[in-house]
Amino acid sequence: MHDMIKPAEDYLRFLGEGRFMIQRALESGRYVFYPRVAEPRTGGALEWIEASGLGTVYATTVQRSKPPAPDTNVVLVDLDEGPRMMSRVDGIAPHEVTIGMRVRARIVSEDGDPFVVFVPEAPA
Amino acid sequence: MSEAFPRGRTAIVATATHAIGEAPGLAAMDLLAQASIKALAKVGMTPADVDGLFAQLPVDFVSGLSVSEYMGIQPRITDNNRTGGSAFQTYVIAAALALDAGLCDVALIAYGSTQRSAPGMAPGKPDPFEGAYKARYPMSAYALAASRHMHDYGTTRDQLAEVAVAARQWANLNPEAYARGPLSIDDVLAARMVCDPLSLRDCCLVTDGAAAIVMTRADRAKDLCARPAYVLGGAAATSHNRIAAMPDLTTTSAVESGKRAFAQAGYAPSDMDVLQLYDAFTINPILFLEDLGYCAKGEGGAFVSGGRIAPGGALPVNTNGGGLSCVHPGMYGLFALAEASDQLMGVAGERQVAGVDLSLAHGNGMLLSSQATIILGSQATL
């Protein structure tokens with residue numbers, strides 16, 4: 001099964017089905033993102049697994065634009081499973097995103113393929 | 001096993017820069033050739049004397065072949081390794097090994113770019129995992145690193161601005177530098193924001209320009225150059241490509257490249273008389289000063305404050321004005337090497353640091369991804 005992995009194709013298909021899937025190494029149990037055909041370092045087999053969608057902002061920037069184009073946010077998010085990914089935090093102003101903020105994944109689609117953004121996680 | 005780098009057995013014997021600023025109507029290759037011919041002429045050579053070619057152009061993936069063809073070189077060794085702006089430091093390592101092994105006798109390392117007059121990189125396929133976020137590379141990646149450094153260590157925008165101001169003060173001593181004139185901390189802070197926390201003045205220039213250096217074995221170097229820049233050590237390290245895959249955004253693999261290069265050279269960081277640290281953004285020299293061992297992790301911002309790395313400061317850094325105020329035609333690594341060599345050769349004019357016997361040129365590639373450190377020394381250090 002794992003030797004059938006087509007990283008980009010599978011990832012985007014899952015997103016199209018509304019599922020944010022990452023990978024887990026069968027042997028070590030470590031999680032992997034971005035998707036690959038094998039685990040880094042060990043070369044071990046990977047399986048797809050649905051991400052919890054929860055994470056913490058590790059770094060953030062506001063990309064300034066010439067008005068009327070809006071400023072945009074780019075973040076690195078540490079997923080609760082371990083891997084770090086690039087993304088964007090929606091639902092608040094770009095400059096209000098802070099390091100350490102708890103966020104939850106959401107799948108959106110703009111001009112093309114679906115992709116994962118994050119929104120602030122409401123405090124429990 | 002310890003690394004058997006051929007310490008002091010090869011040297012940089014000539015350097016040249018060309019067309020720093022704007023060179024409309026010329027191609028990157030034209031500039032590369034002019035810089036190369038200029039450097040070779042300083043040691044009485046022509047392109048036909050070159051038998052080891054280490055060359056790169058911004059959008060030419062077979063530059064080793066096209067540069068050979070254009071200049072009429074039939075190299076025995078060809079290398080156009082692409083690790084980003086640090087590639088030129090990796091060429092010095094490869095050239096030192098090849099020269100020492102007798103695989104070539106005259107190595108030419110060259111680069112040219114018209115990024116200002118004719119911008120454009122080869123359009124790649126969008127990254128399926130990151131393309132949607134429309135990150136503005138490379139600025140956004142360095143902004144993310146700066147944001148994390150500020151969060152973890154309390155580094156301030158004023159401290160970042162110190163790096164830009166020091167670079168400008170050095171540039172004001174360099175007639176070839178593209179950006180000259182007064183620049184204050186307040187000017188940097190008040191400049192248009194690009195990617196928070198970086199303003200326009202925290203970002204390197206976009207210029208045209210070319211550079212070339214010539215290397216030979218040490219026995220020949222003495223006859224070619226009054227003060228050859230002997231290659232005492234060279235080491236490279238890679239930690240990632242995408243910024244999201246960088247293990248810790250506040251620590252680069254310069255920790256490793258520096259440690260290995262200093263071990264090869266047999267000198268400590270504090271022995272260096274002058275440093276060239278690839279400054280694509282103001283956060284870079286702060287990271288590299290920490291990672292190469294000039295101050296503890298997190299203290300880089302305080303370290304550069306009060307003009308410490310500016311003219312008249314305790315530690316001269318980026319004495320040509322750097323990528324921030326002298327030249328940055330897409331990649332800067334070779335300009336750092338040329339300036340490190342010129343300082344050692346004692347030919348840096350008004351910006352010459354007195355009594356340079358040890359000179360370091362550190363290259364950075366892509367998004368803090370590749371780090372490569374070269375240590376050069378005078379005859380007295382052999």
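These legends accompany close-up views of a predicted model.

**View 1. The contact between chain B and chain A.** In this predicted model, 20 residues of chain B are in contact with 21 residues of chain A. On the side of chain B that touches chain A, at least two residues each are supplied by α4 (139-153) and by β5 (193-195) of chain B, and α4(B) gives the most, with six residues. By residue type, this side of chain B divides into 12 nonpolar, five charged and three polar residues.

**View 2. The two domains of chain A and their contact.** Chain A is assigned a domain 1 that covers 2-50 and a domain 2 that covers 54-120, and the C-alpha centres of these two domains of chain A lie 22 Å apart. Across the boundary, 10 residues of domain 1 of chain A are in contact with 11 residues of domain 2 of chain A. On the domain 1 side of this contact, α1 (7-16) and β2 of chain A are the elements that give two or more residues, and the largest share, three residues, comes from α1(A). The residues on that side of domain 1 of chain A comprise seven nonpolar, two polar and one charged.

**View 3. Two cis peptide bonds in chain A.** Most peptide bonds are trans. The peptide bond that leads from F33(A) to Y34(A), however, is cis, with omega near 5°, and Y34(A) lies in the loop that runs between β2 (31-32) and β3 (46-50) of chain A. Another cis peptide bond joins P67(A) and P68(A), with omega about 10°, and P68(A) is placed in the loop between β4 (54-63) and β5 (72-79) of chain A.

**View 4. N318(B), a residue with positive phi in a loop of chain B.** Most residues other than glycine have a negative phi. N318(B) is not a glycine, yet its phi is positive, near 55°; the residue is found in the loop between α10 (300-304) and α11 (322-326) of chain B. N318(B) counts as buried because 29 other C-beta atoms lie within 10 Å, where 20 or more are required.

**View 5. L368(B), a residue with positive phi between two strands of chain B.** The phi of L368(B), which is likewise a residue other than glycine, has a positive value near 60°. L368(B) sits in the loop between β10 (358-365) and β11 (370-377) of chain B, and this residue counts as buried because it has 29 C-beta neighbours inside 10 Å.

Note on methods. Residues numbered from 1 in each chain as written. Chains lettered and ligands numbered in written order. Predicted model: local features only at pLDDT ≥ 70, side-chain atom pairs only at ≥ 80, totals over all residues. Contact = placed C-beta atoms within 7 Å. Helix = DSSP H or I, 4+ residues; strand = E, 2+ residues; numbered from the N terminus. Nonpolar A, V, L, I, M, F, W, Y, C, P; charged D, E, K, R; others polar. Buried ≥ 20, exposed ≤ 12 C-beta atoms within 10 Å, placed from the backbone. Domains from an automatic or database assignment.
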